[in-house]
Amino acid sequence: QVQLVESGGGLVQAGGSLRLSCEASGRTFSRYIMAWFRQAQGKEREFVAAISWSSGSTSYTDSVKGRFSISKDNAKNTVYLQMNSLKPEDTGVYSCAAGFGFHSRPEFYTYWGQGTQVTVSS
C-alpha cells in the first residue's frame, strides 16, 4: 500500500506561483512513477507531470512546459510541483498519483491522494 497526502494549494493571481507537495508513505513506493493530475470543474482529469522516483526522469504535458517543474526529495519521501506563471486555465483540483510506467491516462495509476484546490484569478 502507498499513501499520498497533498498540500500547498490555494488562491493566487494570474502570473503568480505555488508549490504543491505530495508526501508518500508505505512500503516499496520508491518503485513507482509519481504523477500530478488536475481536474477542472466539469472537465476530465488531465495529466500534468510525472517523475520516476528511482531515476528522476520527468514528463510534462505541453501546456505546462517551461512553467511547471516536478521534483522529488528522497529524504522526505516527497514529490513537489512548482508552478510558475500561473494562468486562470490552470485552476482545478490537483491530485498526486503513483503507478508503474510513464502514462498520461489516470487509469494506469493505482494510488491517489485526496487532492488540493488551486484557483488562479484573472
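The structure holds one disulfide (a pair of cysteine sulfur atoms within 2.5 Å). This is a predicted model, in which local features need pLDDT of at least 70, side-chain atom pairs count only at pLDDT 80 or more, and totals for chains, interfaces and linings use all residues. Residues are numbered from 1 along each chain as its sequence is written, and side-chain values use heavy atoms, with hydrogens and water left out.

**Overall build**

- The chain has zero helices and eleven strands. Helices (H or I, at least four residues) and strands (E, at least two) are DSSP runs, numbered from the N terminus.
- The radius of gyration, taken over C-alpha atoms, is 13 Å.
- Along the principal axes, the C-alpha atoms fill a box of roughly 40 × 30 × 25 Å.
- Of the 122 residues, 42% are buried. Buried means under 20% relative accessible area, exposed means over 50%, and partly exposed lies in between (1.4 Å probe, protein chains only).
- A contact means heavy atoms within 4.5 Å. Among contacts with a separation of 6 or more, 56% join residues 24 or more positions apart.
- The chain exposes about 6300 Å², and carbon and sulfur atoms supply 45% of that area. Accessible areas come from the Shrake-Rupley method with a 1.4 Å probe; for residues, only the protein chains shown count as cover.

**The disulfide**

- Cys 22 is joined to Cys 96, with 2.1 Å from S to S.
- The link of Cys 22 and Cys 96 is left-handed, with -80° about the S-S bond.
- Cys 22 sits in strand β3 and Cys 96 in strand β9, so the pair ties together parts that are 74 residues apart in sequence.
- Both Cys 22 and Cys 96 are buried.

**The nonpolar cores**

- A nonpolar core is a set of buried Ala, Val, Leu, Ile, Met, Phe, Trp, Tyr and Cys residues joined through side-chain atoms within 4.5 Å.
- In soluble globular proteins, nonpolar side chains tend to be buried together.
- The largest core here has 27 residues. Leu 4, Met 34, Trp 36, Leu 81, Met 83 and Tyr 94 touch the most other members.
- Elements that give two or more residues to this core include β3 (18-25), β8 (78-83) and β9 (92-99). The largest share, four residues, comes from β3.
- Another core, of seven residues, lies apart from the largest one. Among its members are Ala 35, Phe 37, Phe 47 and Ala 97.

- Thr 116 is in strand β11. This residue is buried, with a relative accessible area of 11%.
- Not counting residues up to four places away in sequence, Thr 116 touches Glu 6, Ser 7, Gly 8, Gly 9, Leu 20, Gly 92, Val 93 and Tyr 94.
- A polar atom of the Thr 116 side chain lies 3.2 Å from the backbone nitrogen of Gly 9.
- Thr 58 belongs to strand β6 (residues 58-60). Thr 58 is partly exposed, with a relative accessible area of 41%.
- Not counting residues up to four places away in sequence, Thr 58 touches Ala 50, Ile 51, Ile 70 and Phe 102.
- Thr 58 and Gly 9 are 49 residues apart along the chain, and 22 Å separates their C-alpha atoms.

How values were computed:
Polar contact = N/O pair within 3.5 Å; in protein donor to acceptor, adjacent residues only side chain to side chain. Rg over C-alpha atoms; globule rule 2.2 N^0.38 Å.
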